[in-house]
Amino acid sequence: MIYQMYFSPTGGTKKVSDIVCKVWECPKKTIDLMKQEDLKEAGNLTAEDICIAAVPSFGGRVPEPVKDMFKSIRGNGAKAVLIAVYGNRAFDDTLLELKDMLENADFTCIGAIAAVAEHSILRQFGTGRPDIEDEKKLREYAGRIKDALDSGKGFASLLVPGNYPYREYHGVPFKPEAGRKCNRCGICIKQCPAQAISAQNPKRTDKEKCISCLHCISVCPQKARKNKKLLLFMAGRGMKKKCEGRKENYLFYKMK
Ligand SMILES: Cc1cc2nc3c(=O)[nH]c(=O)nc-3n(C[C@H](O)[C@H](O)[C@H](O)COP(=O)(O)O)c2cc1C
């Protein structure tokens with residue numbers, strides 16, 4: 001069985017994962033790591049399974065809640081293809097950390113992809129990506145990994161970029177709050193992967209718990225949740241140099 005697993009608060013990571021997974025034209029089990037019911041379905045894999053695991057890069061790292069999610073999943077030797085999706089700055093240690101996490105969960109990591117998607121906070125960076133050019137590249141990457149798997153020749157141990165200790169990341173100051181349009185429907189409370197929104201008052205976000213993933217903004221039917229405009233403007237200016245120009249997608253794997 002092919003397991004498509006992803007953590008995608010605003011949909012960019014899922015877009016990349018869908019493009020990659022489409023190359024395997026067979027039934028797949030989709031595990032949205034943000035859904036409790038899907039997480040339970042993931043449970044135990046076998047050595048015959050293939051897992052395509054995709055996460056966004058937050059501060060060049062794997063988003064904090066994903067670490068706990070993978071604690072309840074056992075690979076039992078299943079092969080894993082790793083995907084780190086980044087917003088046109090850099091993915092730093094994301095693939096290395098994801099590889100370490102999956103190996104700890106008893107997966108055998110065979111290949112990895114880093115791909116660009118629109119920056120979920122600063123939408124002016126990586127705008128519209130993955131685009132047609134990215135799609136072509138990602139399909140090619142997935143095809144190469146699939147062909148290598150089908151050939152049965154086996155993979156050499158996977159090397160991905162990254163350093164120890166992992167890049168320090170202490171979060172970003174974007175903590176969305178709800179405005180007057182909020183009708184307290186409770187969707188954001190239920191779906192927040194960090195349980196950062198007050199059950200009593202959804203207009204309150206626990207700034208310590210919030211990971212700034214912006215899932216609450218993307219699921220709010222009232223479009224009531226927002227980041228502060230001035231903060232976005234300032235951050236956009238500050239990040240311009242690091243995020244400008246078209247950043248690349250990358251493929252990592254090695255056959256025996
Ligand atoms: C809190 C946070 C931190 C981020 N850090 C980085 C980063 O270090 N480098 C980068 O290139 N993009 C960064 N991004 C952009 C995301 O990696 C990118 O937009 C990704 O596609 C988001 O995934 P999603 O659309 O599935 O939520 C960050 C986004 C967020 C929300």
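Here are some questions and answers on how the features of this predicted model get their labels.

Residues are numbered from 1 along each chain as its sequence is written. Because the model is predicted, local features need pLDDT of at least 70 and side-chain atom pairs count only at pLDDT 80 or more, while totals for chains, interfaces and linings use all residues.

Q: Why is Ile-31 called buried?
A: A residue is buried if 20 or more other C-beta atoms lie within 10 Å of its own, exposed if 12 or fewer, and partly exposed in between, with C-beta atoms placed from the backbone. Ile-31 has 23 other C-beta atoms within 10 Å, so it counts as buried.

Q: Where is Ile-31 found, and which residues does Ile-31 touch?
A: It is found in strand β2 (residues 28-32); strands (E, at least two residues) and helices (H or I, at least four) are DSSP runs, numbered from the N terminus. Leaving out residues up to four places away in sequence, Ile-31 touches Tyr-3, Gln-4, Met-5, Asp-38, Leu-39, Glu-41 and Ala-42. Touching here is contact: the C-beta atoms, placed from the backbone, lie within 7 Å.

Q: How do you know that the buried residues of α3 line one face of the helix?
A: Helix α3 (residues 64-71) has Val-66, Met-69 and Phe-70 as its buried residues. Seen down the axis of α3, they fall within an arc of 90 degrees, so they line one face. That arc is taken from the directions from the helix axis to the C-beta atoms. On the other side of α3, Asp-68 and Lys-71 are exposed.

Q: What covers the buried residues of α3?
A: The cover includes α2 (36-42), β3 (50-56) and α4 (94-104).

Q: What makes strand β5 mostly covered?
A: Eight of the nine residues in β5 (residues 108-116) are buried.

Q: How do you know that β4 and β5 pair?
A: Two strands pair if DSSP finds at least two bridges between them. Eight bridges join β4 to β5, and the two run parallel. As one detail, Ala-84 stands opposite Ala-114 in β5.

Q: Why is the ligand said to lie between domain 1 and domain 2?
A: Domain 1 (2-165 + 245-253) and domain 2 (177-226) both give residues to the shell around the ligand, so it lies between them. The domain bounds come from an automatic or database domain assignment.

Q: Which residues come nearest to the ligand?
A: Of the 26 residues around the ligand, these are Gly-12, Thr-13, Pro-56, Gly-87 and Arg-89. A residue is near a molecule or strand if its C-beta atom, placed from the backbone, lies within 6 Å of it.

Q: How do the residues of the shell around the ligand divide?
A: They are 11 nonpolar, 13 polar and two charged. Ala, Val, Leu, Ile, Met, Phe, Trp, Tyr, Cys and Pro count as nonpolar, Asp, Glu, Lys and Arg as charged, and the others, Gly among them, as polar.

Q: What is the phi of Asn-88, and is Asn-88 buried or exposed?
A: Asn-88 is not a glycine, yet its phi is positive, about 70 degrees. With 22 other C-beta atoms within 10 Å, Asn-88 is buried.

Q: Why does Lys-223 count as exposed?
A: Lys-223 has 11 C-beta neighbours inside 10 Å, so it counts as exposed. Lys-223 also has a positive phi, about 50 degrees, although it is not a glycine.

Key. Two residues are in contact if their C-beta atoms, placed from the backbone, lie within 7 Å.
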